[in-house]
Amino acid sequence: MSVDQSTETGSDSSPRIDFDHHSPEYRANWRAISDDHLARCPVGRTDAYGGFWVVSDHASLSQVMRDDATFSSGRNTEDPSDPRQGIVIPPNPIRQLPLELDPPEYTPYRRLLNPYFSPTAAREAQPFPEQAVDALLDRVCASGRMDLVLDFGNPLPAMATMKLIGLPLDDWHVYAEPMHRVAATPPSAPDYLHNVQIMGQLGGAIAAQVPRLRDEPGEGLLSGLAKATVDGRPLPDEEVVTIALLVIQGGVHTTTALFAHTMLWLAEHPEQRKRLAADPALWEHATEEFVRVFPPAMGFARTVTRDVVVGGQQMRAGDRVMMSFAAANRDPAVFPDPDEVRLDRSPNRHTSFGVGIHRCIGLNHARAWFPLMVRRVFERMPDLVVDRDDAEQNESVGVINGFVTLPATFTPSEPLGVPMPD
């Protein structure tokens, strides 16, 4: 995936890069590829998936994300010829509402969702993950073995998300597993569309509950959406389902991916693990640094609505643009010694949660769940060792840079007897 500054595209002399974010090469070498783009071609064009721009440097990425009029998140699902194809390259088969909307249409949806994801909401919801963490660890502590993803990293965020939405906790794996499989595999994988179909079936199961929730009192996001109005109109069943599926996707993927990478790094850097244990006040800065170094979502896309120059490169209306959070987080112009994990790094203007009006709505919950998960594992399994050789990373990191499995061993201990919360 090297840069060839001399190659031309038609009449343009735009710098070309050999780049495919779903490829095995990117999965194995995304840091080196990001650094190469930053050094030699911060804004370049690839022919993959019909052709798109890749924006790598922090300044250019911020320009794109803050200019919603020029760089559209919108998607026209009714007209395949419309270049507006949403926030994923290639497009996600299921529309991501409200992320794939632009202002002013986007604004009332965001306003509707904000109360469920505010700092206050995250604090009030914290007793559930606090209890669930120990209940999950109780299931494995006596064995001396666990898979940090399958036994813990997947279920905790998924269950907390189900609680937030108002769906049965016992069904967490029914919703989470097909979404994990879709995020972990490239669109060309043989079972990709099958897993997308399963996600569609889950949407049907959610839709079946909406009529009842419109009339009955209830708690949780799904009940709130069923009763909500946008611009004076009730949300159609389809929109309620699409929003709920998007929240589930965000909840079950991102914290899990961040947790897995962080656990692997801390297991291999015991001196830093001891430093965090000795100084819990470090966690606020450390959380942001881990999010910078291990961005769960590697980047999102936009569509250019009018001719514009970004990073010295001429983009045309209709062009697709990939914003590489993974690369911008390594921009040495913003982050001194970007390859170094500094637990006390401040300021830390990472882009992993996005920039502008589409900034990740779930960040307050993620900031609460993630350090709780890491701290509690090491408190109860202080000699935990991760088996890197048997770890399995996602086949594709083009959407979520996570792990399928991450086995670990530790000295067995007695369960605390903590029940799973309901």
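Me: Does Glu288 count as buried or exposed, and at what relative accessibility?
Reply: This is a predicted model, in which local features need pLDDT of at least 70, side-chain atom pairs count only at pLDDT 80 or more, and totals for chains, interfaces and linings use all residues. Residues are numbered from 1 along each chain as its sequence is written, and side-chain values use heavy atoms, with hydrogens and water left out. Buried means under 20% relative accessible area, exposed over 50%, and partly exposed in between (1.4 Å probe, protein chains only). Glu288 therefore counts as buried, at 15%.

Me: With which side chain does Glu288 meet in a salt bridge?
Reply: A salt bridge is a side-chain nitrogen of Lys or Arg within 4 Å of a carboxyl oxygen of Asp or Glu. Here the N to O distance is 2.8 Å, and the partner of Glu288 is Arg367.

Me: Which residue forms a salt bridge with Arg345?
Reply: The closest N and O atoms of this pair are 3.0 Å apart. Arg345 lies in the loop between H15 and H16, and its partner is in helix H14, 56 residues apart. Both residues of the pair are buried. The partner is Glu289.

Me: How many residues apart in sequence are the parts that Asp344 and Arg275 tie together?
Reply: Asp344 and Arg275 form a salt bridge in which the closest N and O atoms are 3.4 Å apart. Asp344 lies in the loop between helix H15 (325-328) and helix H16 (363-380), and Arg275 in helix H13 (residues 270-278), so the parts tied together are 69 residues apart.

Me: How many salt bridges does the structure hold?
Reply: Asp134, Asp138, Arg376, Glu379 and Arg380 are linked in a network of salt bridges. For the structure, the number of salt bridges is 21.

Me: Why is strand S12 largely enclosed by the rest of the structure?
Reply: On one side Arg320, Met322 and Ser324 are buried, and on the other Val321 and Met323. S12 (residues 320-324) is largely enclosed because its buried residues number 5 of the 5.

Me: Which strand pairs with S12 in the antiparallel sense?
Reply: Two strands pair if DSSP finds at least two bridges between them. Strand S4 (residues 52-55) runs parallel to S12, joined by 3 bridges, and Trp53 stands opposite Val321. Arg302 also stands opposite Val321. The antiparallel pairing has 5 bridges and involves strand S9 (residues 299-304).

Me: How many residues of helix H7 are buried?
Reply: Helix H7 (residues 155-165) is mostly covered. Its buried residues include Leu156, Met159 and Ile165.

Me: How many disulfides are counted?
Reply: A disulfide is a pair of cysteine sulfur atoms within 2.5 Å. Cys141 is buried, at 0% relative accessible area, whereas Cys360 is partly exposed, at 33%. The disulfide count is 0.

Note on methods:
Helices (H or I, at least four residues) and strands (E, at least two) are DSSP runs, numbered from the N terminus.
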